[in-house]
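Here is a short briefing on one protein model.

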Amino acid sequence: METDSLLTSSAKIIHNNSSQTILQLPVQKTLDYFKSSGILLFRGFGVDYEQMKAFAEKFSSRFVLDKDRPIVDPRNKYVTLVDPGMHYVSPHCENANSPFRPDVIWFCCGVPAAQGGETLYWDGVRVWQELDEELRQLFITQKIKFSQKFPAADWKRFLGVGATLADVKRTLNGILGLSYEINQDQSISLEYVCSAVVKTKYGHQDAFANSLIAEYKNPRGVVTFEDGSPIPSTVINTIQQLMNNLTEVIPWQSGDLVMIDNSRFLHGRRSFTDRRRRIYSLLSYMK
């Protein structure tokens, strides 16, 4: 396995120099690279979404379905297209506004955009290290609260065909930091309190790895401090400016596969106008 560093972060590119398929890569060695790097870009393997799923199965205990993304193939129901639309996507960790944050985000490039559309990423460990002391103390002492409302169709998609309100209660009861209410129309109002600073799955480093920026800008979601007080826009703007300076880019090529540690790295994307762009995604928990 020949590797290169990807830009300035710890992320690595794994090149295919022996005409092997991605399914022939050694699992333990790949896992070791992933644990130390946090992002792996596999290039030259010509991966399609079916191979992405087969490769991910070597590392994953289970997959989860994103409620907002279109399923590509009913036979591979966990493989979806990435976020709908062609707009810029702010820094976020997948499902970090809920207690259901997956361990790994998998992306596979079918067709890159002719211009723009690159996936962006940010090392939450670096972001935390470079935040000024005043902001670090703020987020050490104050947790944040995400408030969301899920229509019945959304939670039924997330929990699976045939899910009932009894399944909702079984899933949500007893989760630390989570409170919820079932509304008359069977929608669910959910509040989730957590720290903006998390320990990485590998290495247990402090990382500013969350969905604060994305949810602050999301008209369908609300994020505040735990006591319900607003997070000042000056705080958000300071964090955004720092992250702008730490932005890393994945310049997609057809057949690329990317594996992202969702406990450490935030991701997003540049806007684009090319409707042919096809990036497939998969969410999983590690074995």
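Two strands count as paired if DSSP finds at least two bridges between them. By that rule, strand 8 (residues 119-123) and strand 17 (residues 265-269) pair in the antiparallel sense, over five bridges. The model is predicted.

- In strand 15, E248 is the bridge partner of Y121.
- Strand 8 is mostly covered, with five of its five residues buried.
- In a regular strand, side chains alternate between the two faces of the sheet.
- In strand 8, T119, Y121 and D123 point one way. L120 and W122 point the other way, and all are buried.

**Helix 5**
- A152, D154 and W155 are the buried residues of helix 5 (residues 152-159).
- These residues lie on the same side of helix 5 because they cover an arc of only 160° around the axis.
- Their cover includes strand 9 (144-150), helix 6 (165-172) and strand 11 (188-194).
- G160 follows helix 5 and has a positive phi, near 115°.

**Largest pocket**
- The largest pocket holds about 1000 Å³ of space.
- Its lining has 40 residues, and K67, D68, N97, E215 and R220 are the closest to its centre.
- The lining divides into 18 nonpolar, eleven polar and eleven charged residues.
- Helix 5 gives the most to this lining, with four residues.
- Elements that each supply at least two residues to the lining of the largest pocket include strand 6 (89-92), helix 7 (212-216) and helix 5.
- Strand 9, helix 6 and strand 11 each supply at least two residues to this lining, and these three elements are also among those that cover the buried residues of helix 5.

**Second largest pocket**
- About 330 Å³ of space lies in the second largest pocket.
- Of its 16 lining residues, L65, R157, F158, L159 and G160 are the closest to the centre.
- G160 is the residue with positive phi that follows helix 5.
- Strand 4 (60-64) and helix 5 are the elements that give two or more residues to the lining of the second largest pocket.
- That lining divides into ten nonpolar, three polar and three charged residues.

Notes. Residues numbered from 1 in each chain as written. Predicted model: local features only at pLDDT ≥ 70, side-chain atom pairs only at ≥ 80, totals over all residues. Heavy atoms only, no water. Buried < 20%, exposed > 50% of the residue type's maximum accessible area, 1.4 Å probe, protein only. Arc of directions from axis to C-beta. Contact = heavy atoms within 4.5 Å. 1 Å grid on protein atoms, 1.4 Å probe; cavity = no way out; pocket = protein on both sides within 12 Å on 5 of 7 lines; lining within 4 Å. Points joined across faces, edges and corners; volume = space filled by probe spheres on them. Nonpolar A, V, L, I, M, F, W, Y, C, P; charged D, E, K, R; others polar.
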